[in-house]
Amino acid sequence: MLNIKTYVRVQSLEEAYDLCQKKNNVVLGGMLWLKMQRRSVGTAIDLSDLGLDQIEEDGDFYRLGAMVTLRTLELHPGLNELTQGALRESVRHIVGVQFRNLATVGGSLWGRFGFSDVLTVMLALDAQVELYHAGRMSLEAFTQLPRQQHDILTHVLIPKKVGRVVYLSQRNISTDFPTLTCALSRKDGAYTCVIGARPQMAQVYRDEKGLLSGGVTEETARAFGEDVAERATFGSSLRAGEEYRRNVCAVLVRRGLLAMEKEG
Amino acid sequence: MDKLKTVGQPVRKKDAMALLLGKPVYMDDIVPQNCLVVKVLRSPHAHALIEEINTDVAQKVPGVVAVYTYKDVPQKRFTMAGQTYPEPSPYDRLILDQRLRFVGDAVAIVAAEDEAAADKALKLIKVKYQVLEAVLDPHEALDGPILVHPEDNWRSLCPVGADNKRNLCASEVCSDGDVEDVLSHCDYVIDHIYHTPACNQAMMETFRTYTEMDPYGRLHVISSTQIVFHVRRILANALDIPKSKIHVEKPRIGGGFGAKQTVVAEIYPAFVTWKTGRAAKMIYTREESLIASSPRHDMEVHVRLGASKDGTIRAIDVYTLSNTGAYGEHGPTTVGLSGHKSIPLYTGNLEAFRFAYDVVYTNRQSAGAYRGYGATQGIFAVESAVNELADKLGLDPVAIREKNMVREGQVMPAYYNEKTNACALDRCMSRCAQLFGWKEKFPVRDMGNGKVRAAGVAMAMQGSGISGVDVGSATIKLSDEGFYNLSIGAADMGTGCDTILAQMAAECLDCPVDNIAVFGADSDASPYDSGSYASSTTYVTGKAVERACQQLKENLCAIAAQMLECKPEDVEFTGQGVRRLDGGGEVSLMDIATKSMCGNEIPVQVTYTHSSPVSPPPFMVGMVELEVDKETGGVEVLNYVAVVDCGTPINPNLARVQTEGGIVQGIGMALFEGITYDEKGNLLENSLMQYKIPTRLDMGHLRVEFESSYEPTGPFGAKSIGEIVINTPSPAIAHAIFRATGVWHRELPITPEKVLMGMKAKG
Amino acid sequence: MELKLTLNGRAVAASVEADTLLIDFLRAQGCLSVKRGCETANCGLCTVLMDGTPVLSCSVLALRAAGHHIQTLEGLQEEAADFAAFIADQGAEQCGFCNPGFVMNTVALLRENPDPTDDEIRAYLAGNLCRCSGYEGQLRGIRAYLDHKKGRG
């Protein structure tokens, strides 16, 4: 059972930042995973009053407040046009509408969950994050930071120059956690492949061997899929074993590439 | 027979709008919120002895009223299985025991003024465990070195072949003909083991019970249960108090599916209330409902099925190893259905059968009753074997069934030599094949991009009540202004039995369903009923309703005859009242009701009790079309068509929804649901996050029809519907997946990983 | 801590703990239609509307709802009865325990998309588990309601 001593709806990021310096204080996201933890929280810090639930266009970026819900991502016309539906595809399997109305983009990324669809797609979109104290950095760099940081993720930035992007995932049953996630993008001729739910955190794989330099065909897509499947590390969990994930990885990467070429 | 007016109509359920509009009708909605909260400390070990247990600190937590350990409870063993006395299930439980037999077994009971205090106390109970080696594998249980129930006061009340010193909960062999001889003369023998792991009912309302002392000093129990009368007996056994001291009733129930045919939660608050005199409630968490309740028995079913080249099925030999877990609830009885409700499907040409089983104790969660009750596991095995045979012989699996299936008028040696008085299985098959488009869909179709579509088929049967055991009763009463009260002891758990029994009464009494007010179930006020399980309510209790109404009509005619100054044989019942056959007068029901309350000696309340010497099987055919992604192993159910012979469907809407609900649970079993353990005996699927039941995106499109037969021993020709409907999806889906991939899956659930890796292994 | 919100159109002030969940607060306020079916945000039984948006009340701190409008089925009886009758006509309510959450989310669906396709209905209601009905009857009921409405309009 989650136990919370006090609840504060902060009026500034500074206030939130000061509060979150204490080890047993916690910034609330959508509260979906937090409440299942058996832990004692001193102060629950709620950012709800800070207007972080907005999506704005900011020069070359879409700037998403950390409290933007997954449902908002799913329905946002501009973002979905930009990402060719990949954002919608990445979140539509997550539990249900009522869940996605609560789950936040900030919470999804902050947790750096292995199963995260959102982290997978955002990495492929070359997203950046803004932390209140540490400032702006690439999402990929953020994933490498140690987990115990007393900082606040305030915004996510998605570059408007996206190129082509495709999202695929494999699930044992609809609305479940994925057994593998796969996002692919092509920008300026360079391919980025992100594989998540390995079951560890999503990781970026680039076409280091230039397998796709001659373009995507059935053969090169297969070769790149197998290359990624070989390079990536996989593990076993309740939902699927390592070998299964490796197999599915090769398939999703190949299918994703071919889908990307077909529609692009 | 006259045309039926109410029976056979899709009458709206009497409580439908109250339920849809969220009215407070469930246990936790109707009980006082200031009662004690009861919680249970659960064992972290699969097998252990409590060496020391110290509750001093826990008792001092403000708000904590009591903490009980094994030292505080009666030492007479009992069973929590809701069955007719003497229960076949062994008496192997104590409310709390010094020996802990699975991860989740009860260590201590806490009662507190609120949940927070109870939670705090749970953390402060200090237990020193002597951890023992556990037996988790059912193959190692029988005559193994680790005994789950070494105690001397373990008791088996019935001759079910149980022996606690062998970890044996039940054992039996029965046969007809010389199965070995026939098998040795068969052209083909299919010989495989099929495994159905335990799975959970996962009804939306978890187990829950409220208890209080009533003004007469009796224990008043309000519980979400299918079995009010059995709860009374079981609580009396557990608390070692007279049954007269207990009164059990049920409110609306948030689903049961057999889970609530076991006394899972009741004993804890009952014990607290009996000891403290204070009202108490226990609401199981979802986790408790998944790890410490009453799931389906994990069964391994070994089938040897012998046939001749032309597809004549000549012999079936079934051996079932059933794993009852830590306690024996429903262990000796579920297993019987794995053979007795699978083998008889092929009575057609069967020359011999044998059915043997062992039911073993292990240090896993105790099993219980779940819709299908062993038939589900047996039918997965036998129907899969028949599909394997058809494939081996290159025969159409529909044709091979038509050649061998049981037909009306046949005596079924594997079903206690009962005769099928009503069997439309043949019509179910032909209608299902037509509706489904079997000819077009059976051939495997390549959809491109690694995807193929394929089809599968299975048949099923079940029973209608437990023959010679189940008792159903109904009390029907004419009340003021001429409406009727119908009291039953069967429990409507959402299935709509209150409504369909009212439909039967309305049919008999020739009145609108709205004229029948239904009451049930209450151990003090209702006439005795075994309870709602074993597909018994429509068939057994329904017959009691029919008979009670007939008797009541006679009594009403007798009163009316007095009023009309003639003999009872000179009047007839009209539905609105009673009239003289000679046209010389008529009295209304209201007149009769008024008369009945003034200077009357003829009862206007009749109770009839029914039990059936037979248990007529309903029959069913299911066909599935699915798409397999051969590159990822993903399986998508596209279409499921089922045709059911439940005799006369009393309420076609409710029968249809029963069928659809059962099919989706069956799809869940086939593809998604199954309980697994780690090496320490921890159950891994302990939440709805990990135990995944189908959503509305996982079941494709369902289509259900009925092929009615007329069962002469049932009310209005009805048999049962509640359980059979879960039985066809597993074998039909396994069949279709084989068609798509060339791999037979003989263990459920058939996950994408198993599908893909199965294909890879086959090469 | 002090909590003020609007519940079914009525201003409510109450004292709650920092970790009181909205579901428990609502039940304590007598909104007993709100049901708990799991502890893991998977079942949808506890669905309520927060400023018109369907959310899982098991996953919202009561204090987070401060200043917001919360609606439970107690406050939407007429709107719900309109289509619920069609579900009753299918017998698809069954045990009823999932009904309040399912009905609330259907209210939200029909407000957002008054003329949904079958696939849109399935997708929107995917987070509402039901173990009894097999879902098909619920869909038939909603479809019958939509057809009826079209015929009427």
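Buried residues account for 63% of the 763 residues in chain B, in what is a predicted model. Chain B contains 19 helices and 29 strands, and its radius of gyration of 27 Å is close to the 27 Å that the globule rule gives for 763 residues, so chain B is as compact as a globular protein of that length.

**Chain B: overall form and domains**

- The domain assignment of chain B gives domain 1, made of residues 16-23 and 467-610, and domain 2, made of residues 31-134 and 201-291.
- The C-alpha centres of domain 1 of chain B and domain 2 of chain B lie 37 Å apart, and the contact takes 15 residues from domain 1 of chain B and 19 residues from domain 2 of chain B.
- On the side of domain 1 of chain B that touches domain 2 of chain B, the residues fall into six nonpolar, six polar and three charged.

**The largest nonpolar core**

- The largest nonpolar core has 399 residues, and those that touch the most other members are A:L184, B:I109, B:V110, B:L486, B:A505 and B:I733.
- Helix 15 of chain B, which runs over residues 537-564, gives the most to this core, with 12 residues.
- Leaving aside residues up to four places away in sequence, B:L486 touches B:A474, B:I476, B:L501, B:A502, B:A505, B:I516, B:A517, B:V518 and B:V545.

**Domains of chain A**

- Chain A is assigned domain 1 (2-48), domain 2 (50-159) and domain 3 (164-263).
- The centres of domain 2 of chain A and domain 3 of chain A, taken over C-alpha atoms, are separated by 20 Å, and the contact takes 21 residues from domain 2 of chain A and 24 residues from domain 3 of chain A.
- On the side of domain 2 of chain A that touches domain 3 of chain A, at least two residues each are supplied by helix 4 (86-91), helix 7 (117-124) and helix 8 (139-144) of chain A, and helix 7 of chain A gives the most, with six residues.
- The residues of that side of domain 2 of chain A divide into eight nonpolar, nine polar and four charged.

**Domains of chain C**

- Chain C is assigned domain 1 (2-74) and domain 2 (76-152), and 22 Å separate the centres of these domains of chain C, taken over C-alpha atoms.
- In the contact, 14 residues of domain 1 of chain C meet 13 residues of domain 2 of chain C.
- Strand 3 of chain C (residues 47-50) gives the most to the side of domain 1 of chain C that touches domain 2 of chain C, with three residues, while by class that side has eight nonpolar, five polar and one charged residues.

**Where chain A meets chain C**

- The contact takes 23 residues from chain A and 23 residues from chain C.
- Strand 1 (3-9), strand 3 (40-46) and helix 5 (97-100) of chain A each supply at least two residues of the side of chain A that touches chain C, and strand 1 of chain A gives the most, with five residues.
- That side of chain A divides by class into 11 nonpolar, nine polar and three charged residues.

**Where chain C meets chain B**

- In this contact, 42 residues of chain C touch 41 residues of chain B.
- Two or more residues of the side of chain C that touches chain B come from each of helix 2 (77-88), helix 3 (99-112) and helix 5 (136-152) of chain C, and helix 2 of chain C gives the most, with seven residues.
- By class, the side of chain C that touches chain B has 22 nonpolar, 13 polar and seven charged residues.
- Helix 2 of chain C has as its buried residues C:A80, C:F83, C:A84, C:F86, C:I87 and C:A88, and what covers these buried residues includes helix 1 (16-20) of chain B together with helix 3 and helix 5 of chain C.

Definitions and conventions: Residues are numbered from 1 along each chain as its sequence is written. Chains are lettered from A and ligands numbered from 1 in the order in which they are written. This is a predicted model: local features need pLDDT of at least 70, side-chain atom pairs count only at pLDDT 80 or more; totals for chains, interfaces and linings use all residues. Domain bounds come from an automatic or database domain assignment. Two residues are in contact if their C-beta atoms, placed from the backbone, lie within 7 Å. Helices (H or I, at least four residues) and strands (E, at least two) are DSSP runs, numbered from the N terminus. Ala, Val, Leu, Ile, Met, Phe, Trp, Tyr, Cys and Pro count as nonpolar, Asp, Glu, Lys and Arg as charged, and the others, Gly among them, as polar. A nonpolar core is a set of buried Ala, Val, Leu, Ile, Met, Phe, Trp, Tyr and Cys residues joined through C-beta atoms within 7 Å. A residue is buried if 20 or more other C-beta atoms lie within 10 Å of its own, exposed if 12 or fewer, and partly exposed in between; C-beta atoms are placed from the backbone. The radius of gyration is taken over C-alpha atoms; the globule rule is 2.2 Å times the number of residues to the power 0.38.
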